[in-house]
Amino acid sequence: MFEVLKKDKRTKARLGLLKTPHGIIKTPSYVFVGTYGRILHLSRNDIKNTKTQVIISNTFHLWDKVESYKNSKSVIRNELTRNFGKLPIMTDSGGFQVLSLAFSDKNKVGKFMTGEAKADKSYKRSKIKITEKGVHFLFNGKKMFLGPELSMKLQEKIGADILFAFDHITSPLDTYKYNQKALRLTNKWAKICLKEHATNQKNRANKQILFGIVQGGLFKDLRIQSAKSIGSMPFDGFGIGGSYTKKQIAKVLKWIIPHLPEEKPRHLLGVGKVEDIFEAIENGVDTFDCVIPTREARHGRLYTKTGYIDIRRGYYSKDKKITETGCGCFTCTKKISRAKIRELIKSKDRILNAQGQRWCLMHNMWFFNNLLEDIRKSIAGGKFKEFKKKTLTKFKS
RNA sequence: GGGACUAUGGUGAAGUGGUUAUCACAUCGCUCUGUGGCAGCGAGGUCAUGGGUUCGAGUCCCAUUAGUCCCC
């Protein structure tokens, strides 16, 4: 299922192949986010043009579909394949909603996650109730419940290639004691997920892959404890979860990675700025997903080797150059100028605006896929460190 | 020559005389890390100019200037 092709001599970076029922992922690889089972504004052909290898959708957001297609098998998987193309797909467990729904205001979640809201006492986990069995919460005025068994059942029906166990994420604002409690639940739920998963896979032709999730917040002993316990369970791979204040990702990874089995793949959940990618890979991460390339594309931020540009700025209104000279993305190859992209994305017309977003999406996704391709080459050539230094020196964030 | 109307950030508009002048678009700046639908947050006006009335004027009065329209 997972094959390590080469290990970097100076770092923990590694080159690998992650084999799934719907294709092989060359690792390290970026995983793009298609929460609702599609990438907004992109057709499967567009996605193909971005060299995307794998996409992650969200169980929580696809829940409705599972309900409505209760009796017809593989309908959702077929729909995902229709939207994404024939690609390996991951599904997140819905565990993250434990956090985001608890704070409902989406703008606050970010702050909550990065710990920037330390002084604000209104950040309380007040809108949900977490029990031994899972999480009770209100959504659109409806009382709902999601737990490990249900998450596994839903994920089985959605039909992704790689599934994640239902975990309990914490925030940098949570105390040691709270993290301890959360960790106990994550471990307990992990076992339930494994059991449920085994049952679900019995009659499946193409077995789905299941990743367990390491938690433990920003506490070294809890992280190590979690890596050891989750790492010793018979998962196919491991997700690394949590939320971090800026620049703590590498530190946490250094605690965890030594305690995870070498032969199994590791996925870092929700992280993916350019600098973070290098830190993650350097510390032994194989895949990672993040909304940054797609969300920022929709907001008009385009990535280049020297940093990003905010294409909506007036400065670009007469800029006839393509986004980046030498870029092989569909947008740049089609010679869509910065001025044109700006004109479209600034448009109040829905259709035109969507076209602008599409050009940006294709550029950014290609940019990140290309970067990862270069990283893979650098590991293959034994020059990862040099490539990291060269790239980050040039790239100004 | 006579009369009417208008004059508020870059643009277009709102503003019964009373705390830090409102909105949209544009501009500039910041943000986005297990997203979800033309993103969010923030900055820049002292209200054409000069006087006057008033405790207090963008808001009332006068003059000047500019523009639009009408009459001769």
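Residues are numbered from 1 along each chain as its sequence is written, and chains are lettered from A and ligands numbered from 1 in the order in which they are written. Because the model is predicted, local features need pLDDT of at least 70 and side-chain atom pairs count only at pLDDT 80 or more, whereas totals for chains, interfaces and linings use all residues.

The mean pLDDT of chain A is 92, and 94% of its residues reach 70 or more; pLDDT is the predictor's confidence in each residue, from 0 to 100. For the complex, the predictor gives an ipTM of 0.90 and a pTM of 0.94. Where pLDDT is low, the predicted coordinates should not be read in detail.

Chain A is divided into domain 1 (2-290) and domain 2 (301-384), with bounds that come from an automatic or database domain assignment. Between the C-alpha centres of domain 1 and domain 2 the distance is 28 Å. Their contact takes 20 residues from domain 1 and 18 residues from domain 2, two residues being in contact if their C-beta atoms, placed from the backbone, lie within 7 Å. On the side of domain 1 that touches domain 2, strand 4 (residues 29-33) gives the most, with three residues. Helices (H or I, at least four residues) and strands (E, at least two) are DSSP runs, numbered from the N terminus. By class, this side of domain 1 has eight nonpolar, six polar and six charged residues. In this classification Ala, Val, Leu, Ile, Met, Phe, Trp, Tyr, Cys and Pro count as nonpolar, Asp, Glu, Lys and Arg as charged, and the others, Gly among them, as polar.

Two or more residues of the surface near RNA strand B come from each of helix 5 (106-114), strand 14 (287-290), helix 11 (292-298) and helix 14 (350-380). Helix 11 gives the most to this surface, with four residues. The surface near RNA strand B divides into 13 nonpolar, 16 polar and 15 charged residues.

Helix 14 has 31 residues and spans 44 Å from its first C-alpha to its last, close to the 45 Å expected at 1.5 Å a residue; the expected span is 1.5 Å times one less than the number of residues. Just after helix 14, Gly-382 takes a positive phi of about 70 degrees.

Ile-281 is placed in helix 10 (residues 274-282) and counts as buried because it has 29 C-beta neighbours inside 10 Å. A residue is buried if 20 or more other C-beta atoms lie within 10 Å of its own, exposed if 12 or fewer, and partly exposed in between, with C-beta atoms placed from the backbone. Not counting residues up to four places away in sequence, Ile-281 touches Ala-13, Pro-28 and Ile-375. The C-alpha atoms of Ile-281 and Leu-372 are separated by 10.0 Å, although the two residues are 91 residues apart along the chain. Pro-28, in the loop between strand 3 (23-27) and strand 4, is joined to Thr-27 by a cis peptide bond with omega about 0 degrees.

Most residues other than glycine have a negative phi, and most peptide bonds are trans. Lys-51, in the loop between helix 1 (44-48) and strand 5 (55-58), has a positive phi of about 65 degrees. Lys-51 counts as partly exposed, with 17 C-beta neighbours inside 10 Å. Lys-335, found in the loop between helix 12 (330-333) and helix 13 (338-346), has a positive phi of about 60 degrees and counts as exposed, with 10 C-beta neighbours inside 10 Å.

Leu-146 lies in strand 9 (residues 142-146) and is buried, with 25 other C-beta atoms within 10 Å. Its contacts, not counting residues up to four places away in sequence, are Phe-60, Gly-94, Gly-134, Val-135 and Ser-151. Ser-151 is among the buried residues of helix 6 (residues 148-158). Just after helix 6, Gly-159 takes a positive phi of about 90 degrees.
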